[in-house]
Each structure stands twice: as structure tokens, then as C-alpha cells.
Amino acid sequence: MANRFRLLLMLLLPLGLTPQAEGQYSVHRPARSTRGVEMRAVTTSGVGGAKTTAHVRLSQLSEQDFPRDSSREQAFRVLRFAVNRELNLSPESCGEWLIDDSGCYTWSLTITSPDAKGIGLTLSQYHLPKGAALYIYGADKLRRGAFTDANNNTDGLLSLAPVLGEQITLEYECPPDGVRTVPFVIKTLHHDYLGMRTQIARSAIAGEPIFDRNRNTLPKLDCARNVVAFPEWSNQSRATLLQVVSGGLYSTGTLINNLRGDGTAYVLTAAHNVNRLYDLIDLEQIKQEAKTTVFFFGFQSQKANGNIRGTEEMTLSGAELVAYNPEADMALLRITGLPKDADDNLLPIPAAYNAYYAGWNTSPTPPHPYVGIHHPLATTKRYNQTTNAPIAIEDNYSIGIGLSWDEKHWYIPRWEIGTTAAGSSGSGLFDKSGLLIGALTGGASTCSSPESDHYYAIHRTWLEKTDFMSLKPFLDPDDTGATLCAGYDPNATNAIYRLSDFPPNSPKQDDIQLLPAEKLRGIGRIVKLKEGAVTPLGVYLLFRGDNHLQTSFPQIDIRLRELSQDHTLGQTVWQTELNTATFQRYEEKKNKFDSAGRTLEGDTIELFVPTLSTQQPTSLKKGSYMLTLTPKSANEFIRLPLLYQAKRKTATSWNMFELSESGWAPSNGDLWVDLLVQSPTPPEVLAIPNPAVSGTEIQCYYYQSHLYILLPKQLPSAQLRLYSLNGQLIYEQNLSSGVEHILPINFLATGGVYIAHIEAEGVKRTLKFIYQ
């Protein structure tokens, strides 16, 4: 038995790192400094008349400040990346005041922590008045916020997700009629030393991060498949949250239901996720640590194989420790950082987050096989499944620091699918019926040896010495004595739907190829609703990262506009915007939840753009609409990937428009631009006939050394002729009707301007392109 718990011996090793927290609910509203408001400096003095500084530079960290690379973290299946630096900076002694022509004040401060890959903050005494706003940004200048009075809480703590680079800038906007004070203290700076957003894996699988401190032995996760490949577990996946405690400790938790089904935001996780791997013994310190927890909803790849970096904007921060049992490694949190109404009453988890509260089973013999859903290496959600055999409680071991885990844990002898890893800690174990039966404490499984993991059992922490050490008082508050609790879907009668032609609706989603679109003036996506009473909640966008996007991120106006039968655009029925000043850009790569402002360089990521907070929900009627994306600046372009299937059949419909100098025109291919809606009945999105298929128009465009040509079925076979600019015939080929032709033209000897001419029964199409 001791061999099974050999990794837990590492608990005796010293630990010299404290973590931090990130990401939280913010209001979608641009900062003054991004709206072209002219501001000028105000001469001020700090405490005692001393001149304040607009830039605080911290000392260089020494080797002794960084933790040793211990296997203790691996044994407990958690992941760290940051060092805490206690500051307790009062805005009275630092920062710069600015004023605009309207008499509105803005306070600004830049902090440098040398050699940091990213910087996060924890604020104390945070209590913003109505109308005030706080923004932060790093080296990439992508602002996060606005953080407002909606983030106020009784503890006065606010944890801010790391931004990119060794500098972080805060901008606090006083209310228009407010006094010139800053209502918070900069308590702790969190120095990201792993560069979890700045590195791109070159030798690991797609999306996996690479570390800069000789941690090249991190396991790959090929055996732990993306949870989207198992749609029958979608509810349990919706309940699974990536969580970050005190900004440097990644782990997993599960939203769990209670027998009242009242939507209390309880999250079941492991005790060591909130007590710094048992470094903290004092309960008040542990409670303070739990308050820094940040929860990420819906962070999962929408592709079954391979990885697309998932949505990271859906976050809530702050938690109360409501139950805690170190003798079983159990912790039950309650999310406190929920949005508020005008009267400061807490609202439910936002509908767009599509949360689900998992049910539970306290039986000592739950049905098998068993499933784990988790965030290994702080990556997107992965799926584990045991062999088809019952598991048992198998532990009896003292870890030597006054705690004894005696008959508390389910023992997983072997996974048939998947493995756990650092970041999986606290994740749920579900029985065959999809009910929670435990949460991960630690283990030793890898893809090459998927064996020996340990989950504390819910039924062994159900009723203990005190209520605070027990789950029953919170999950069965009326003392019904029930041993089973069904899951709870708060949106069951008005469900959340993602209107997409790709995941998870496409049965051939793994045949999809992502090709970055060329510079586009605008993009349109057609949505045709068979039923009405549909409320839009936001838009999903997919960006194929490149250096251009990294340095020049477009601000995009997003509108849903009526579309007539002749494809004429009508009035706007719903509007939001992609504005870099309003994004919560947590993390980075798909396979490592790399922390700091989101970067597009070298990575394919998914973003979620919510409805503008000032806009009331709009109920869409039955009919056709076009979702249009246009840059706010006439000098900017949109670069989104087109979606193609490798073995795609002839297109019979299309749903994409491109905006050119001559206006909106249909385009071949699909874009990953999805509308998220709420509807009492499943909305049926109908395909709109492709005019090129029903008529006689030939579609043709050029992209990356390929010609894409689609002939309508009404035309007989056509002939393609390729000419040089001086009229010399270079190439010709017959083309079949009703078929999409993708023709490589890398046989051309030199670069330059060429002309493609397609002709069939008098119908012609000519395309001029540049081959490089």
C-alpha cells in the first residue's frame, strides 16, 4: 500500500512558493484612453508632500526567491508558475493623476518586475464607487476591464489575471462627479517566471507550452482526449472548471448541486489546492487563500483531435471556503465573484457561461466504469475513463504532518483512456450515471503508465466530526437523508445554443482544415432561424495567430442585421464589439493554460465577445440574418481562418460574405464566427441556397498558391486557362461542374501577376492574382 502512495511522501519536502489569482467578471466598456479623450497631467504630491512617481520599478529577484523543481507538485497534480511579491502600495504615495477637458480624473501607475514573463496583481481594500472603472494592461497594450463596483465584495479583495511582460499599468477612472481618490491598495504582485503565455511549444504536441527552466520532461497528453470527443458527457464537462488560487496554482474544480437545486455556486475541489499543498495550517490563512480563487468556465477545445485554444473570457473570481476536511483532502468553495444587479444583489452565473451543476452519489458501490474530466497541465478539458471494473477505498497511510488519510480515497488502478497530470488536482470522478463520487488528490499516472491515481470519496467526507468538515450540511441542507442528487441545469427551460456549422455539429470535424483568410475589409456569416424568441448572448470568433495580429489587433464592430431574400442587408437588430480594451485576456496556448494577456502569435485561439453590458437582450424573430464583422478603422483588416474539410462534398449552400470595395458579396468556404443564443426551444438554423449553385455564376478565388473554383451544376464542364500578364498561356485544365476544385499552382516558375480564365457555354470568370 505504501508504494501506491510513494509520491505523497513528497509532502514532507519544503516549499518556498506562494501563488496568486486571475481573471474575473468585468464590464464590457472601453477606457477613456482608448476613446481618443485628451488628458493632461496634474501636478500632485504624495503623503507628506513628497512627489509621487508614475513608475515603480522593483528589485531583481534572486535565485533564492524561486522554488525548487520538486516532485511534490507532481504528486499532488497541481501546477505553479508565479512568485508572490508583497507590495502594499498605497496610491497616495505613487501614480500619476490625469485630467480631461470634462474635468474627469484618471490615475495611472506602471510597475516593473524585472525579467517577469507576466504580471498579475491582488488588490486589497477594493471598493469602487458607481461610475468608476479600473483597467490594466501589459506589454501587448491589450487592456482588461472595466472592473467596477460590480467587483466589490465584503473582503475588499480583487485578483487580476496576469498580463504579458515585465510591466503592468493600471488606469483608474474616477466617476465623472467623483473625488480624486483611488479606493484600493496594491497588495501583492505575482511574478510569472515560467512564461506561460510567451513560449510556444516546438517539440511537444500542438498547443503544448514549453517552459524556460529545464522542465522539458512534462508529459504529453495524447492519451487524454479532448472532452468534446465525448458529447454524452457534455453536462459534466460544463460543470468542470479550471481554477487558479492566488494566481500561481492551477487546478480543477467541479460545480456541484445541492438537494434544493437552488443554484448555489458550490465548487468541489481538493483541500491542498487552497492550503498551498499543506504549507498553510492556520484556518484563517486558508480562508484568505480561497478568496483569491479564479474560475474559468468553458475552457475546452472545440476540436476532438488536435487543439484549439479555447475561450478564456468566461471567468469569475473570489470564493468562500464553506467546508474543509484536511483528513480527506476535501474542500468545498462557494463562488462569490458573481455579477450584481443595480441594488448590489448577487445574480446567477451569467447565462453565456452555460454552467451545469453536477449531481452526486454517496453510495459506497457506485456503478462503473468511471470517468474523470479535468485540466491536466492547465490545458483544455480532457477525458479519462477507467477499465470496466468496480473501484474500492484503498488507503491507510500517514503523511507525517499530523494528518492521516485512512480509508478516505478511491484507488484507480488503471485508466483505459487518458491520464492525469499537474493541473488535474481537485477534478471530479463520475460514476457511470454521470454523478460525482469523488475528487482527485494525487497520483502517478502518465500516458505511458496510466496507473495509480487517488480520489477522495464523497461518501467518506459526507458527515464528519463537525459540520465544517462535512459535505452533508451544504449538499443536503434540509437533512433529507438522500444518497443521490441529480444534476441541475439553470438554463434547462431556456437553454444555451451555439449556432455553428463546425463543432460539435459536424460529424467530420477532424477533417477540418484551418486556413487563415487574407486581408478582408469585413466578414459576414448568415444565420436563418426557423423559430423566433431567440436571445443573442454573444459571438465566438476564431483567430489564427500571426505576427501581424500580435502587433496590430483590430477593433471590430459586430452586428446582427436583417437579411432579405435577395440578400440585401437591412437594419441592425443586435450589436456588440470586439475592443481590446474590454477583453479579459487570460492565458495562452491550448495545451498549457499559459497565463497573461492573450497573444495571437503562432497560436489558433477562440475568443468570446459578450453582449454589450449596456444593451438590453433582444429577442430575434423568425427569419434570416447576417452577422457582420467590420474593423472600426478603415485602415484595418480582419484575419480570421476559413474552415475547409479535406474530403468535403460539393457545396449546396453557403453562409459567408466578404466585404470588398464594391460591397458585400458571397464567398466560398465557412468561417468560425458563431452566434451564442438562448432559446426555450432548440433553434433550427437553416442553410441558405448558394446562388452560384442555383444560378450560373462561377466562384473563384486565390489563396496561398492554390486556386479555389466552384462551378454550378447547371453548367457543363468548363475549361481553365492560366495566362501570364503578357498573355502567354501557361496551363489549362478541364473542370467538372458541381465540384469544388482546389488546384495547387506551385508549378509556376517565377513569381508575378497571373490571370485565371474559366469559361463554360459563354459564362466566363476572370481572376487576376499575384503568385509569390
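Two strands count as paired if DSSP finds at least two bridges between them. Helices (H or I, at least four residues) and strands (E, at least two) are DSSP runs, numbered from the N terminus. Keep that handy for the tour.

What you have open is a predicted model, where local features need pLDDT of at least 70, side-chain atom pairs count only at pLDDT 80 or more, and totals for chains, interfaces and linings use all residues. Residues are numbered from 1 along each chain as its sequence is written, and side-chain values use heavy atoms, with hydrogens and water left out.

**Stop 1: a hairpin.** Strand 36 (residues 556-563) and strand 37 (residues 569-578) run antiparallel, joined by seven bridges. Look for D557, whose bridge partner in strand 37 is E577. Five residues sit between the two strands of this hairpin, and H567 in the turn has a positive phi of about 65°.

**Stop 2: the whole chain.** Zoom out and you have six helices and 53 strands. Of the 772 residues, 59% are buried (under 20% relative accessible area; exposed is over 50%, partly exposed in between, with a 1.4 Å probe and protein chains only).

Stop 3: Four strands line up in the order 4-12-7-10, with antiparallel pairing. Strand 4 (82-89) and strand 10 (158-164) are at the edges with a single partner strand each, so one side of each has no neighbour in the sheet. Now pick A82: opposite it stands D192 in strand 12. Six bridges pair strand 4 with strand 12 (residues 185-192).

**Stop 4: the core.** Show I335, one of the residues that touch the most other members of the largest nonpolar core, which has 64 residues. Such a core is a set of buried Ala, Val, Leu, Ile, Met, Phe, Trp, Tyr and Cys residues joined through side-chain atoms within 4.5 Å. Another core, of 31 residues, lies apart from it; L58, C94, I111 and A116 are among its members.

**Stop 5: the disulfide.** Which cysteines are joined by a disulfide? Select C223 and C447: their sulfurs are 2.1 Å apart (the cut-off is a pair of cysteine sulfur atoms within 2.5 Å). The torsion about their S-S bond is about -85°, so the disulfide is left-handed. C223 lies in the loop between strand 12 and strand 13 (225-226), and C447 in the loop between strand 29 (436-443) and strand 30 (451-457), so the pair ties together parts 224 residues apart in sequence. C223 is partly exposed at 23% relative accessibility, and C447 is partly exposed at 29%.
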